[in-house]
Amino acid sequence: MTSRAQKTAITNYRSRLTERGVVRFELQAFAADRDLIRALARKLVEEGPGAGELRRTVQQAVSGESRNLGGVVAALRRSPLVGADLDLTRQLEEGRKADL
């Protein structure tokens, strides 16, 4: 049994969470996933870049979308040769003559 003071403390705690935008809800899962789901919920409630990245990752995993990081241009920007000051200019040539 909980005392009146404990009930009041729980009510106050839950109202503070509601003010922050945190809500309580029930879900069904396997017992083996209990700790994982609780840890995931704790991380998502935290404010910061880690929570945002985790949220995006989970949303992508659940939706089944492939992760597209920007295509060829983004891959080239991640290349280890970025900033190597390579000279990639070509000499201009007239070409050859062809009989048509």
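The model is predicted, and local features need pLDDT of at least 70, side-chain atom pairs pLDDT 80 or more, while totals for chains, interfaces and linings use all residues. Residues are numbered from 1 along each chain as its sequence is written, and side-chain values use heavy atoms, without hydrogens and water.

**Exercise 1.** Find which element gives the largest share of the lining of the largest pocket.

Solution. The largest share, eight residues, comes from α2.

**Exercise 2.** Determine how α2 and α3 are oriented to each other.

Solution. First take the geometry: α2 and helix α3 (residues 49-63) pack at about 125°, with axes 8 Å apart. Angles under 35 degrees count as roughly parallel, over 145 as roughly antiparallel, 65 to 115 as roughly perpendicular and the rest as oblique, and α2 and α3 are therefore oblique to each other. Finally, list the contact (heavy atoms within 4.5 Å): Leu40, Lys43 and Leu44 of α2 meet Ala51, Leu54, Arg55 and Val58 of α3.

Technical notes: Helix = DSSP H or I, 4+ residues; strand = E, 2+ residues; numbered from the N terminus. Axes fitted to C-alpha atoms, helices over the stretch in contact; angles between N-to-C directions.
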